[in-house]
Each structure stands twice: as C-alpha cells, then as structure tokens.
Amino acid sequence: MTLSLERRRCTRTTFSDMKVASRTDGQLSGHVRDISPHGMFVESKKLLKPGTKILLEFRFPKGVTALIAYCEIRWIKDATKLRLGGHSGMGVEFKSMFEADRRRLEESTVERSTRINSDNLSLADFVDNSDKDLFYKTKPFGEFLEDIAQKGFDQYRMPLLTACKNRVEVFDKNIGEVREMIMMGSCNYLGLSTHPKVIKASLESTRLYGTGSEGAALLSGTYDIHRELEINIARMKGCEDAAVFPTGYATNVGCIPALVKRGDAVIIDRLAHASIIDGCKLSGGLFGTFQHSNIESLKDVLERTEKKYNGRLVVVDGVYSMDGDIAPLDQIVEVAHKYGAKVMVDEAHATGVIGERGKGTPSHFNIEGKVDIVMGTLSKALAAVGGFVASSREVVNYLRYYARSGFFSINLPPAVAAAALAAVEVMENETELHDNLWRNIKYIKENLLSLGFNVGNTESAIIPIIVGDGLTLRKMSKRISEEGIYLSAVPYPAVPKGQERFRLSLMATHTKQDLDKTLEVLDKVGKEFNIPGSDSCRFSSFAA
C-alpha cells in the first residue's frame, strides 16, 4: 500500500509533542504531526528525497522507551516553494519495526483516535455546548475536524497555487501533492479576476497611490478612484449615488441597522443571506420573515405589520446564493410600495450574471430606479473585494455617516477599487463574456437534468446538485476531488437537513472540455452513490 493511499484510508492520530530523530546519521530531527500504524508525517526543516531509507526513533508523550522503525520517505511538502503557510515535512512509510513496538503504536493510536465519530455530526452540534470554561466547545469541535480529516473528507481551504481561472493548481493536503483541478467552486462568474485590463488597472493604481492611506472613507481614506467607482456603480444600478464598503457582509450589517430603529420593522425572505439576517439582528426593529419568493406570504406580513410599526424595510436577494433562483423583484417592489414599505435588494450573485450586460436584478425586470436600495459585492463577478450600497443621494449620504461598519473601517485599497472599476467597464463593453457564461449555464444545466440530478429551480450561474444526506455529501466530495473537480460542498446547517448539496458555480471562461469532464465525473461519482438514481442515463459529451 502506498503512503498516499494509506493517508486516505487509515485513521491518523495527531500528537502535538512527539519528537522524532534519525538513528542512521543523527542529523535528521523533527516533530510528528500525525501518525498511523502504517506511517507518519514528520515536520522538519531538513527534507530528504523520496525513496530515501532511514532508521527513525520516536517516543509518545510520557513514553518511557522509544519506538524504532525502518522507514522510507514517500513524499515531501516544501512549504517555502509552495508558498504555503505551516511547516515543511515528509510523508514517511514504516517498512519494518519490532513487533512489540508495532503493538504499542497500534494501541496508542487507537486509544487516541476513538474520541469522536464525525459521521453523524455537523457544525450545528458545536454551537450551544455551554460550560463554565468558555473554550470548552473548541475541544470536541477540534476532534470533530480531526476525525473528518483522518477520513479524507476535509476538502475545505485547499490552497490555490495559481490564479483562479477555469483550471487551477492546488496543494491537496489529503495526499500532500500539487494537482491541477477544474475550478467549479468560484464566483468569478465572468473570469474577470485574471482579465488583462483588470490586472493592469490594479497594478497602475498601486504604482500611483501605493497600498492606500489607511484611513476611513469619511476621513482620509477616499481617493478619486473610489468616487469614480461609486459613480459608475450608481449609474449601473440606476441610482443617484453609491458608497463602497470593506465587504458585502459589512454593507448589510452596517446599512440595515443604520436605517431600521426601534419601532421599525425589517421583513426578509426566509432564505435571505446570512449577512442580511445578522444585519436584522443588530437593528433595533422587529425582525420578521415571509415564505421564500411567496408574494401572498409577503402581503400577509405587510398587512399584519402595517399599523403596528413605523417604517418598514423589505430585504431580499436578487439571486439566492444556495438555490440560484431569482427573486420576483418586480412583484415585491409593487406590493411593498402599496403597503408603504421600502425595498432593499442584495445583488451579490446577480451582478454580472442577469440583466442587460449583467447589470443585475432591477435591469432583469426593467425596474431600474424603482428599487429603493440596491446593495451588492465587488467580489464575485466584479473580481475584487468589498461591497456597495446604491440609492438616492440623501440615503447614501446618511449611510456614509451612520453605517458603523463603513465609518469605523479603513476604506478599500486603491488597487482594489481600480480593479472593480475596470471590471465594471469590461463587463459592460465585452458582451461576449456574458454570452459565454449563459451558453455554459444552459449547457451544463440541461445535461445535469438529463442525467437525472436534482438542480432545484436555478435560473443563474449557481447550480445546486441536491444530495440530501450529510455523510453521503462528504464521501462524494472526496471522490469528486480525487477525480480532479474543485466543487463546493454545502452541508447542514448552511442548508436545511435533507437539502445538503454541491454548489456548482459557472464561469464564462469554462471551456466545453471543462464542462464535459465535470459532467462525466458527476455522472460517475453519482452512480457510485446512487445519486440521482441507478435508472438515469449516462453522460455523453455529444449532448446538446
């Protein structure tokens, strides 16, 4: 059995204080990060070539006598060359050891590794573990993560080693190797994060302004490039003015509490983004919900709150981040305004994807200028980081002074603002990117449906693939990754139980070969786990 397979199939136990040294020449020394009866990972500054045979000595914490094993170096991780955090080290396979030492090793690792079984647990199980020790909850959670990693199910935070294009190189921490993968988990919808004009604008801005003034936007942090960006965002969204924020999350948690006060009410779609929910919790007003995209449910909530509260704000996503469906914004605006409420729409996953040349949800429904507040991100399609809010001049000016997440934060680096501004210009002028994106959306959605997968009611570049079971999702995620597809797994509680899914995000820069390979892998792995069912057809790259 090779070490890479051993690392994926066998339980590995982590020790924080186990030292190891060479008995061959006395030169090698290091620490054991994790170990199993078949091998271990040794953190060390001195890296030996794969294939090197060496006699190693190590002892367990509080162990009286050392264990000795004849070993072979199977792979190395040079963190300096891979530009990764953490330590360099080597994957070591045990070739032979004394039988007594092997028994001690097996007993120690089994005893240590039977603390928790992650198979029937989720992140929700570690939220309310109350104890007088505030940090108590972190210990079982750490064991939960360790168990997931030992089973090879940890597909999160895989370090990218190249630019985020349709294909990327990643360091696969599960096997300790650099791999090329097809990127199906990025919200870089138009591929603008690597567009030459966007990169050029960012570099030129850095040369001109440096990295920034390190001041808040309202004080010393606003450059001319920030105002130019805000003016273009307002124009794109059909509003009078706009203000930028450090992130999209910061935009929602700042703007909603700034507007909704005691005696007011904020009413949101039941599937609204977490940042909207957190913004509502921080506000002083009533926090209520209506059924997802259900106009009759919204009417009912508006009628019941009409005489009880002062101002009311209805907040929805333009495109929902987990289902990919589009809010019926035209109907929502009509009903909300009928009952005297204002409307705010989150355009995070709509900008660049829907509407004329990617202008977003108001454009999609031809109601530009009729939505009271339009917020969104500069990340995702706009290839930067940050958020924005667009509205009337009076509302935007008010939020500049009263949205605490903006006022008490350093403004965006000029290079980031320049990149976002260039992305807006490219998005509006190079319409073939938008056309390519929708060609890819249509192709992969039709083929997933023909294969029998449940993709919900998606209408955008986000395509969910419903699996419906948390453990099956982990196992499938591992297999899909092994087949070379970088795909986001979304477990409970990010989605309700029974709705566990993969979230496939399409880009304009995906080639037909990328899409065909992805479909082939999903078809293959789906059959292995009987998802969507054994009676579905096989994928053919000749599908329409």
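Biologist: Why does Ser321 count as buried?

Modeller: Ser321 has 12% relative accessibility, and buried means under 20% relative accessible area, with exposed over 50% and partly exposed in between (1.4 Å probe, protein chains only). Ser321 therefore counts as buried. This is a predicted model, in which local features need pLDDT of at least 70, side-chain atom pairs count only at pLDDT 80 or more, and totals for chains, interfaces and linings use all residues. Residues are numbered from 1 along each chain as its sequence is written, and side-chain values use heavy atoms, with hydrogens and water left out.

Biologist: Where does Ser321 lie, and what does Ser321 touch?

Modeller: Ser321 is in the loop between strand 13 (312-317) and helix 9 (329-338); helices (H or I, at least four residues) and strands (E, at least two) are DSSP runs, numbered from the N terminus. Leaving aside residues up to four places away in sequence, Ser321 touches His273, His349, Ile462 and Arg503, where contact means heavy atoms within 4.5 Å.

Biologist: Which strand holds the bridge partner of Ile462?

Modeller: Strand 20 does, and the partner there is Ser505.

Biologist: What makes strand 17 and strand 20 a pair?

Modeller: Two strands pair if DSSP finds at least two bridges between them. Strand 17 and strand 20 (residues 501-505) have five bridges, in the antiparallel sense, so the two pair under that rule. They belong to an open sheet of three strands with the order 17-20-19 and antiparallel pairing. Strand 17 (462-466) and strand 19 (488-490) are its edge strands, since each pairs on one side only.

Biologist: What makes helix 6 and helix 7 roughly parallel or roughly antiparallel?

Modeller: Helix 6 (residues 248-259) and helix 7 (residues 274-282) pack at an angle of about 30 degrees, with axes 8 Å apart. Angles under 35 degrees count as roughly parallel, over 145 as roughly antiparallel, 65 to 115 as roughly perpendicular and the rest as oblique. Helix 6 is therefore roughly parallel to helix 7.

Biologist: Which residues of helix 6 meet helix 7?

Modeller: Tyr249, Asn252, Val253, Ile256 and Pro257 meet Ser275, Ile276, Asp278, Gly279, Cys280 and Leu282 of helix 7. By class, the contact has seven nonpolar, three polar and one charged residues. Ala, Val, Leu, Ile, Met, Phe, Trp, Tyr, Cys and Pro count as nonpolar, Asp, Glu, Lys and Arg as charged, and the others, Gly among them, as polar.

Biologist: How do helix 5 and helix 13 cross?

Modeller: The axes of helix 5 (residues 224-237) and helix 13 (residues 414-429) come within 9 Å and cross at roughly 30 degrees. Their contact divides into ten nonpolar, two polar and three charged residues.

Note on methods
Axes fitted to C-alpha atoms, helices over the stretch in contact; angles between N-to-C directions.
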